[in-house]
Amino acid sequence: MIDQKKMIDFDEGWAFIENGIKKLLRILESEIPEPPFTSNESMALHTIVYKLCTQKPSKDGRAENNERLYDSLRASFEHYLTLKVLPSITEKHGEFLLRELVKRWGTHQVMVRWFWRLFYYIDRHYANRKSVPMLRELGIICFKDLVYGKVKDKAKDIVMVMIDEEREGERIDRGLMKSVVELFVAMGMGEMDCYEEDFEALMVEKTGLYYSRKAANWVLEDSCPEYMVKAEECLKKERERVSHYLQTSSESKLVERFQHELLMVEETKLIEKEDSGLRALLRDNKVEDLSRMFSLYSVIPEGLEPIAKLFQEHITDEGTSLVEKAETASSDLVKELILLHDKYMGYLDTCFLNHTQLQKSLKKAFEEFCNKTIAGSTSSAELFASFCDEILKKAGGERLSDEAFEQALENVVKMLVYTNGKDLFVEFCLKKLARRLLFTRTADIDRERCMLTKLKQALGATVTSRMEGMVTDMTVAKDNQEEFEVYTQKNPHETPGIDLSVNVLTTRFWPSYKYLDLNLPPEMARCVETFNKFYHTKHHSRRLTWIYSLGTCHVNGNFKAKTIELVVSTSQAAALVLFNNADRLTYEEIMTALNVDSPDLDRLLHSLSCGKYEILKKEPRNKKISPTDTFEFNYGFKDAMRRIKIPVPPVNERKTVTQDVENSRRYAIDAGLVRIMKSRKILSYQHLVAECIDQMAKMFKPDIKDIKKRIEDLITRDFMERDESDSNMLKYVA
């Protein structure tokens with residue numbers, strides 16, 4: 001026993017402590033089976049340490065006991081690690097070296113814990129006061145300097161080999177790997193620098209080299225789907241590897257290097273594979289493979305760029321092929337474009353999760369081929385307007401269900417998004433709606449209103465206001481007609497003599513039509529006069545302008561074979577009635593009698609003498625109308641039908657609509673420019689052009705040259721001026 005009141009000599013005390021250390025090491029090494037310290041032994045060791053740490057130092061000039069005890073403990077650590085631990089590790093190889101390293105590190109940790117308990121007073125009375133490493137830190141430092149520093153390179157090389165073996169499908173001891181990794185972390189003493197510099201950096205580098213080799217082989221041997229399946233499986237295993245024995249902080253670095261080598265480096269070759277790349281997957285509806293491709297590349301910065309580019313090119317090629325193969329701008333082409341759109345929207349929804357980048361690719365692709373000229377002359381705006389016209393006219397005949405009808409309109413509105421000339425579409429719709437309403441070609445006025453509602457939602461109320469006014473006019477016209485019939489019944493002397501139906505149109509709603517100052521036959525002139533009197537009884541201040549080019553007449557043609565009802569225009573009827581009082585008339589005589597210009601008269605006479613139905617005989621007999629021609633009624637005309645319609649050759653509607661829209665665009669650009677300058681007061685030339693394009697984009701895509709012309713025109717008209725000091729700056733003139 002130690003006499004607790006007696007001063008203890010350091011050498012005597014250390015000898016006692018050293019025997020305790022040796023016993024502890026024997027227990028830890030399990031060389032001989034000895035029981036752990038008894039309570040008396042533990043108490044004796046604590047007492048010796050306490051006495052040495054707390055008693056006054058000797059006067060022989062040597063260092064105080066605390067320092068000597070601290071240095072002696074350090075020497076014990078170093079002696080044990082150098083002579084016992086390091087040789088036992090270095091004599092082994094491969095996995096056995098790792099096992100010995102882990103075992104020795106575990107033993108060392110237990111020893112350090114015992115030391116800390118036994119020599120607690122050193123930490124308290126010396127290490128803390130002198131700012132030297134605590135015993136636990138000292139134990140790690142000694143192990144790091146004397147063992148770890150000597151074997152770390154060999155250990156991590158062995159770990160790398162084992163990781164590669166696991167990647168090749170072999171089973172490894174993951175528990176051992178986790179322990180080795182934890183050793184690298186422990187050597188950082190609370191920091192990750194040892195793990196990152198001594199282990200992680202090499203692991204990431206080796207991972208890159210491993211997958212670089214794999215990628216080079218797989219891209220040559222496998223199809224695109226097979227390659228992606230392997231990549232997905234490898235990525236899953238790399239993440240599992242992190243969760244089992246690597247540090248979570250390594251996952252992002254490991255995955256990033258994996259993605260670069262296995263996915264990014266070979267991406268172009270992979271997605272452009274002729275028989276199995278992106279185009280083939282889209283063509284063959286490989287939804288699962290497309291979803292896997294998106295899943296792998298969408299998480300990589302810039303990973304989707306090549307996919308989005310090829311996606312756009314593929315859609316553009318398919319759409320352009322449809323447009324270029326179309327011999328006519330028919331409803332079939334519209335249906336094919338809608339099916340194409342639905343197909344790729346399906347991929348976008350199902351496989352690509354509506355990713356913004358791929359949405360833009362689809363939009364750019366459809367914008368490219370939807371704005372190409374179709375069949376040499378037709379624009380997509382006209383094509384879609386004609387499709388709407390067709391389904392509205394045929395709705396009754398085809399018995400198209402309400403649901404199918406609404407879906408068809410929805411599809412057109414979706415396609416309209418990609419059309420640059422939305423204003424051109426609206427103008428064509430306006431013209432076609434006018435014809436349907438005026439010539440009773442629409443089967444259901446409610447469906448007309450349904451179409452206007454869809455357009456209003458897509459393009460705004462200002463776009464459809466005129467068309468809504470047209471529909472309202474036709475509703476009011478029915479009431480007017482009923483009132484007119486009541487009026488003629490009450491005023492028998494005002495009866496026109498023939499059946500008359502009149503539609504009163506509001507000028508600002510309807511398309512502009514050419515006015516003809518036509519000389520009507522007395523019978524027809526009486527009808528006009530009667531309706532004028534009736535209308536002025538209701539609206540004294542309104543003036544009616546009669547548009548004869550829109551009128552339809554039913555005339556009985558008394559031919560030798562039989563009487564045939566001829567459905568003709570007002571001007572055609574007026575021309576035919578002339579032959580009631582003359583057997584033969586010259587071109588000039590007809591022109592004078594009708595008061596019609598040459599171009600209109602040429603079309604009128606051509607329809608009656610050179611078309612399908614030869615109601616008038618022309619001399620000379622050819623298909624060209626000239627001022628020297630003469631005409632007579634063809635009494636010998638025959639036809640199997642009792643009623644025939646004789647159309648007048650139409651005016652080039654496309655040309656007139658295009659001209660009207662071009663004029664409207666000039667006004668719209670002018671208004672937009674003035675509106676911008678009025679709010680901004682001063683603006684650079686480039687910014688003004690850019691803002692104008694943004695404002696006009698909802699309805700059409702203006703040409704920059706046109707905008708510049710309008711700016712110059714507005715400067716000339718003193719709406720704006722150039723800044724005197726900087727010609728690039730424009731100022732609003734109030």
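Q: What are Asp164, Glu166, Arg167, Arg174, Glu238 and Arg241 linked in?
A: In this predicted model, these six names belong to a network of salt bridges: Asp164, Glu166, Arg167, Arg174, Glu238 and Arg241.

Q: How many salt bridges does the count come to?
A: The tally is 54 salt bridges, going by a side-chain nitrogen of Lys or Arg within 4 Å of a carboxyl oxygen of Asp or Glu.

Q: What makes Arg239 and Glu251 a salt bridge?
A: Their side chains come to 2.7 Å, N to O, and the cut-off is within 4 Å, so the pair qualifies. Arg239 sits in helix H9 (residues 224-245) and Glu251 in helix H10 (residues 250-264), so the bridge ties together parts twelve residues apart in sequence.

Q: Are Arg239 and Glu251 buried, exposed or in between?
A: Buried needs under 20% and exposed needs over 50%. Arg239 has a relative accessible area of 35%, so it's partly exposed. Glu251 has 25%, so partly exposed is the label there too.

Q: How do you know that Asp389 forms a salt bridge with Arg436?
A: The closest N and O atoms are 2.6 Å apart, and the limit is within 4 Å, so the pair counts. The bridge links distant parts of the chain, with Asp389 in helix H17 (residues 380-398) and Arg436 in helix H19 (residues 422-438), 47 residues apart.

Q: Are Asp389 and Arg436 buried or exposed?
A: Asp389 has a relative accessible area of 8%, and the cut-off is under 20%, so Asp389 is buried. Arg436 comes in at 2%, so Arg436 counts as buried as well.

Q: What makes Asp629 and Lys618 a salt bridge?
A: Here the closest N and O atoms are 3.4 Å apart, and within 4 Å is what's asked, so this pair passes. Asp629 is in the loop between S4 and strand S5 (630-633), while Lys618 is in strand S4, eleven residues apart. Against the cut-off of under 20%, Asp629 at 0% is buried, and so is Lys618 at 2%.

Q: Why is H15 called roughly antiparallel to H16?
A: Helix H15 (residues 331-350) and helix H16 (residues 356-370) pack at an angle of about 170°, with their axes 11 Å apart. Angles over 145 degrees count as roughly antiparallel, so that's what this pair gets called.

Q: Which residues in H15 meet which in H16?
A: From H15 come Leu337, Leu340, His341, Tyr344, Met345 and Leu348, and they meet Leu358, Gln359, Leu362, Phe366 and Phe369 in H16. By class, the contact has nine nonpolar, two polar and no charged residues.

How values were computed: Residues numbered from 1 in each chain as written. Predicted model: local features only at pLDDT ≥ 70, side-chain atom pairs only at ≥ 80, totals over all residues. Heavy atoms only, no water. Axes fitted to C-alpha atoms, helices over the stretch in contact; angles between N-to-C directions. Helix = DSSP H or I, 4+ residues; strand = E, 2+ residues; numbered from the N terminus. Parallel < 35°, antiparallel > 145°, perpendicular 65-115°, else oblique. Contact = heavy atoms within 4.5 Å. Nonpolar A, V, L, I, M, F, W, Y, C, P; charged D, E, K, R; others polar. Buried < 20%, exposed > 50% of the residue type's maximum accessible area, 1.4 Å probe, protein only.
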